[in-house]
Amino acid sequence: MNNDTSFNTITQRMLDAWLLTTAQEPAAPEDIYRDVLDLLTLKMRMTLVLLDAEDPLDWHMKVVRPSGFNSRILNVNSIFADQRLRDFKDRNYMETAVIPRYLQVTASQKPAMEMVKTKVLGVSVGYERLILPQKTDQGSSAWLLSISNGRFMFNPPHRQAKLDATDEIVIQLLSEGATAKEIAADLGISHRTVEHRLERMKERYGAKNTVHLATMLVAMRFDREGDKS
């Protein structure tokens, strides 16, 4: 896997290859991805979906190139293994974030490029995604390709605790890269007070360290925003 090629470059090459195909002579998926496979980075993965059944839940998902990275909170390659869509461990994710888009793309036979923010098995995830359908004038497409680029993966805290206004500001400044001393100066409190607050929050939320705490609380904030939308 390549570590330098941008997702935009790879998707543009795939789109160029897709544009060269015709509905009169439906292409094979390899015609679209052949020249980009070696360019995928560690956070990118490519999936071929075989549209071989009337019910989308019976469509088959086959891995073309797995991700080169697996988080400790979500083993992407294990979860997104070769399988029918109905066998995916998180049915809600399939029925809300995946199948509706697949149906739209296959019906229109037009590509879809988007940023996806959703949940998989309770983990907040965000990724860029390009979906390319097979062009055909012989009925329904036989396949579609989906390539994604992971952007973030957050596991919100299992324990619930209320943060006061000062705690919220401490976490905000921490997520912006400020040190405890810089936070103390900004808030006009002692360095020791900031550290005490951080230790108290780590204990409340079960965070292993300060970075883990900040990530958990960012995830919690992400969940709250999602509930409002």
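**Sheet, helices and confidence in a predicted model**

Colleague: Which element of the protein chain has the lowest mean pLDDT, and which the highest?

Modeller: This is a predicted model, and the protein chain averages a pLDDT of 89, with 92% of the residues scoring at least 70. Among the elements of the chain, the highest mean, 98, belongs to strand β3 (residues 83-84), while the lowest, 70, belongs to helix α8 (residues 210-228).

Colleague: Which strands stand at the edges of the sheet?

Modeller: Six strands form an open sheet with antiparallel pairing, and their order is β3-β2-β1-β6-β5-β4. Two of these strands have a single partner strand each, so one side of each is left without a neighbour in the sheet, and these are β3 and β4 (112-120).

Colleague: What is the bridge partner of V49 in β2?

Modeller: Strand β1 (residues 44-50) and strand β2 (residues 60-65) run antiparallel and are joined by five bridges. In β2, the residue that partners V49 is M61.

Colleague: At what angle to β5 does helix α1 run?

Modeller: Helix α1 (residues 7-19) lies across β1, β4, β5 (123-133) and β6 (143-154), and its angle to β5 is about 25°.
Helix α4 (residues 91-108) also packs on the sheet, touching β1, β2, β4, β5 and β6, and makes about 15° with the direction of β5. For α1, then, the value is about 25°.

Key
Residues numbered from 1 in each chain as written. Predicted model: local features only at pLDDT ≥ 70, side-chain atom pairs only at ≥ 80, totals over all residues. Heavy atoms only, no water. pLDDT = per-residue confidence, 0-100. Helix = DSSP H or I, 4+ residues; strand = E, 2+ residues; numbered from the N terminus. Pairing = 2+ DSSP bridges. Contact = heavy atoms within 4.5 Å. Axes fitted to C-alpha atoms, helices over the stretch in contact; angles between N-to-C directions.
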